[in-house]
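Have the viewer open as you read.

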Amino acid sequence: METILTVNHLTKKFGYLTAVNDLSFTIEKGNVYGILGPNGSGKSTTLGIILNVVNRTSGEFSWFDGTTSTHQALKKVGAIIERPNFYPYMTAIQNLKLVCKIKEVPETKIQEKLELVGLWDRRNSKFKTYSLGMKQRLAIASALLNDPEILILDEPTNGLDPQGIHQIREIIKTIAGQGTTILLASHLLDEVEKVCSHVVILRKGVNLYSGPVDSMLASHGFFELRTNNMEQLISLLEKNASFGKLENFNGTLTAYLKEEMDAETLNKMLFEKGIVLSHLVKRKESLEEQFLTLTNNN
Amino acid sequence: MLRLLQIEFIKLWNNRASKVLIISYFVLLTSIALVAAIKFDIGPVQFHLADQGIFNFPYIWHFNSFVTALFKLFLAIVIVSMMSNEYSNKTIKQNLIDGLSKKEFILSKVLTVVSFAAISTVFVFVVSMILGLAYSDYNEISIIFSDLGFLVAFFFKLVAFFAFCLFLGILVKRSAFALGFLIIWTILEQLAFGLMGWKMMSWDAAKKVKSLFPLESMSNMIKEPFSRLSAVQTIGDQIGENLRFDYHTYWYEYLIVIFWTALFIYLSYALLKKRDL
């Protein structure tokens, strides 16, 4: 696997507030990463440090193979942080031309990228006349101008209306589909769940977890069961060593697994014991549930 | 280097306010030629400014570089706002994220400022040359090209002043406050001079200390040219006052100004480097 970014024991202090505390993780090429964390957990600060706009207190990070300077590496990175920042008095085209100059790439990609985000028709309007959604889309176009190795997005759907959110998500999915590595910071979990394969979870600047989404919790999932014969079901499952906690809520029994078991096996076993199920679903905890478990327990 | 200048040019030239100010600055530089047209012809009193010798070589280099330097305030507004707008639009953050290093960012501003000063100098040279050739009483090559040192001083004076503006733009981050700060600074220098002369040392010593101050050292680069006019000299002789001052710029005066320029650029860079955006 090719490494894109390595972060080692990164710490940032603002006065006596520690925004990022001894954070380490790596980003590999081709994956879609989510950085999750409640507000104020140090997501934006971390991104600010690796993007050269916030000074680190200690620790280090390196881009790609670690031989290029940060600002040279950033020319191969596309990034959008919080609000889209452009020159308000310049048109979309003028702004993008400026970005091309800074990134030292030819201006030939401007049309392609503006079409991708659906702004080609408004290319000659000044930036200050754009709606927030359009501004955000222009920011994405600008971040893509150099066909980046990695795209970094910080709360890309913040403050947008449902349509805008949908548009941005579609764009992100398209880009992810092209094999671009993406690092997405968000506190909107469904957003991350829909596109990310890996997550880094932060709380108060501390790394709680980093790795694939699937193995976030050592959990085997749970069953949702319904039957006419609830008492018998409960007493049966209580005696079974595979099951842990049981919750009976509104006639639906939620049974958490302590070890791997598939739905077929359970159905067969219960049927043999004379219990007929009217409802059987095997589920894994959603990212939201896992996230809340992680951030609360620690 | 060219790339950095192009970047800055795109930012400035697409901003209408900056464009208007830059154009009016250069129009004003040219308009000094209009002084030649000042002519009173009221019966017995005939006065033609061009005949008073202000366009004589080499005096014209002194006069024009002194007068045109007053217009630098126009560019000061442009420079302060080109710096502070980067903060208020947060585009400085975006520039850095897009892959401009902090060094390159400062360098692009410094290069722009130096180009402004260089273009102004060339402008003053051309305008003065034309005016001089048209009105000067002396047209020998050796006289025309003497005292060109005033243009060198003009260039250094502008660079230093603009570097000060850049630094204020970065320090204060708001263009209006930065310009206010500039005015307050001017007053502070005079106030410090007054206090020193009054309470702490002799006026002569105070004057020497004052010439070390940034704005004062810049204005010392080109001393006032009016007392050199023959009319003024004549009046001075009549009232028994010696008005033959020393008008030349000395090496140590260059040194002071270059020191301030370097310091302001370094401080701008240090400030940008230290700050979290």
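This is a predicted model: local features need pLDDT of at least 70, side-chain atom pairs count only at pLDDT 80 or more; totals for chains, interfaces and linings use all residues.

Start with the outward-facing part of helix 6 of chain A: Pro162(A), Gln163(A), His166(A), Glu170(A), Thr174(A) and Gly177(A) are exposed there. Residues are numbered from 1 along each chain as its sequence is written, and chains are lettered from A and ligands numbered from 1 in the order in which they are written.

On the other side of that helix from the exposed set, the buried residues are Gln167(A), Ile168(A), Ile172(A) and Ile175(A). Looking down the axis of helix 6 of chain A, these buried residues fall within an arc of 135°, so they line one face of the helix; the arc is taken over directions from the helix axis to the C-beta atoms. An α-helix has 3.6 residues a turn, so residues three or four places apart point the same way. Their cover includes helix 5 (132-144), strand 6 (150-154), strand 7 (181-186) and helix 7 (189-195) of chain A. Helices (H or I, at least four residues) and strands (E, at least two) are DSSP runs, numbered from the N terminus. After helix 6 of chain A comes Gly179(A), with a positive phi near 90°.

Now zoom out to the domains. Chain A is divided into domain 1 (3-212) and domain 2 (222-297), with bounds from an automatic or database domain assignment. Their centres, taken over C-alpha atoms, are 41 Å apart. The contact between them takes 9 residues from domain 1 of chain A and 5 residues from domain 2 of chain A, where contact means C-beta atoms, placed from the backbone, within 7 Å. Helix 7 of chain A, part of the cover over helix 6, gives the most to the domain 1 side, with 3 residues.

Finally, chain B. There are 13 helices and 2 strands in chain B, and its C-alpha trace spans about 70 × 50 × 35 Å along the principal axes. The contact between the chains takes 22 residues from chain B and 23 residues from chain A. Helix 5 of chain B gives the most to its side, with 6 residues.

Conventions:
A residue is buried if 20 or more other C-beta atoms lie within 10 Å of its own, exposed if 12 or fewer, and partly exposed in between; C-beta atoms are placed from the backbone. Two residues are in contact if their C-beta atoms, placed from the backbone, lie within 7 Å.
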